[in-house]
Amino acid sequence: MIFQRIVIALLVLIVAGIGTIGYFEWRMAAQVRTLKAFVEGYVFNEAVMACEQAKSSTPFKWNGGKSTSVIGLNSAKLDKYTVSASYTLVADSVYCDYDPIKRKAEIGSSFLERE
């Protein structure tokens, strides 16, 4: 009888622990989404200006474009110490990657292929 009570108590503790972990992960995910939305809103105007002024054979026209969309903030971990960030915009099928750290825009490139 004591063995059964111990097993049930351990099972209840495990379920409570998993529930607690799930709750904290949900809260952290909500905070990360909020932070990402704030950063994207902060970077948006700079990205549009830089993309429209970027030199390219294909012009990027966000203002006055027929089909525009924001892909958003992306990042890739290139190695142990380097994370490359990119804010991507699309206007009339022309992609523009804006690097918020270097404040540089590149049209028609993949942000993973940058220097």
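Colleague: Is strand 2 enclosed or open?

Modeller: In this predicted model, 8 of the 9 residues of strand 2 (residues 83-91) are buried, so strand 2 is largely enclosed by the rest of the structure.

Colleague: What about S86, buried or exposed?

Modeller: S86 belongs to strand 2. Its relative accessibility is 0%, and a residue is called buried under 20%, so S86 counts as buried.

Colleague: How many bridges hold strand 1 and strand 2 together, and in which sense do they pair?

Modeller: Strand 1 (residues 68-77) pairs with strand 2 over 9 bridges, in the antiparallel sense. The two strands form a hairpin, with 5 residues between them.

Colleague: And on to strand 3: how many bridges join it to strand 2?

Modeller: There are 5 bridges between strand 2 and strand 3, and these strands run antiparallel. Within that pairing, T88 is opposite D97 of strand 3.

Colleague: How many residues lie between strand 2 and strand 3 in their hairpin?

Modeller: That hairpin has 2 residues between its strands, and D92 in the turn has a positive phi of about 50 degrees. S93 is also in the loop between strand 2 and strand 3. The phi of S93 is near 65 degrees, which is a positive value in a residue other than glycine.

Colleague: Is S93 buried or exposed?

Modeller: S93 is exposed, as its relative accessible area is 66%, and the cut-off for exposed is over 50%.

Colleague: Next hairpin, then. What joins strand 3 to strand 4?

Modeller: Strand 3 (residues 94-99) and strand 4 run antiparallel and are joined by 4 bridges. One of the paired positions is C96, whose bridge partner in strand 4 is I107.

Colleague: Which residue has a positive phi in that hairpin?

Modeller: R103 does, with phi near 55 degrees, in a hairpin that has 4 residues between strand 3 and strand 4.

Colleague: Is R103 exposed or buried?

Modeller: R103 counts as exposed, at 51% relative accessibility.

Colleague: Which residues of strand 4 are covered, and which are uncovered?

Modeller: In strand 4 (residues 104-107), A105 and I107 make up the covered face, while K104 and E106 make up the uncovered one. In a regular strand the side chains alternate between the two faces of the sheet.

Colleague: Back to S86. How many Å separate its C-alpha atom from that of I107?

Modeller: The separation is 12 Å between the C-alpha atoms of S86 and I107, which are 21 residues apart along the chain.

Colleague: Changing topic: what is in the chain besides the strands?

Modeller: The chain has 1 helix along with its 4 strands. From the N terminus on, the order is α-β-β-β-β. The radius of gyration is 23 Å, well over the 13 Å that the globule rule gives for 115 residues, so the chain is more spread out than a compact globule.

Colleague: What box do the C-alpha atoms fill?

Modeller: Taken along the principal axes, the box is roughly 80 × 30 × 20 Å.

Colleague: Where is Q53, and is it buried or exposed?

Modeller: Q53 is in helix 1 (residues 2-53). Q53 counts as exposed, with a relative accessibility of 63%. The C-alpha atoms of Q53 and G72 are separated by 19 Å, and these two residues are 19 residues apart along the chain.

Colleague: What share of the whole chain is buried?

Modeller: Buried residues make up 24% of the 115 residues. The accessible surface of the chain is about 8800 Å², and 62% of this belongs to carbon and sulfur atoms.

Colleague: What share of the contacts links residues 24 or more positions apart?

Modeller: Such residues account for 42% of the contacts with a separation of 6 or more.

Definitions and conventions. Residues are numbered from 1 along each chain as its sequence is written. This is a predicted model: local features need pLDDT of at least 70, side-chain atom pairs count only at pLDDT 80 or more; totals for chains, interfaces and linings use all residues. Side-chain values use heavy atoms; hydrogens and water are left out. The radius of gyration is taken over C-alpha atoms; the globule rule is 2.2 Å times the number of residues to the power 0.38. Buried means under 20% relative accessible area, exposed over 50%, partly exposed in between (1.4 Å probe, protein chains only). Contact means heavy atoms within 4.5 Å. Accessible areas come from the Shrake-Rupley method with a 1.4 Å probe; for residues, only the protein chains shown count as cover. Two strands pair if DSSP finds at least two bridges between them.
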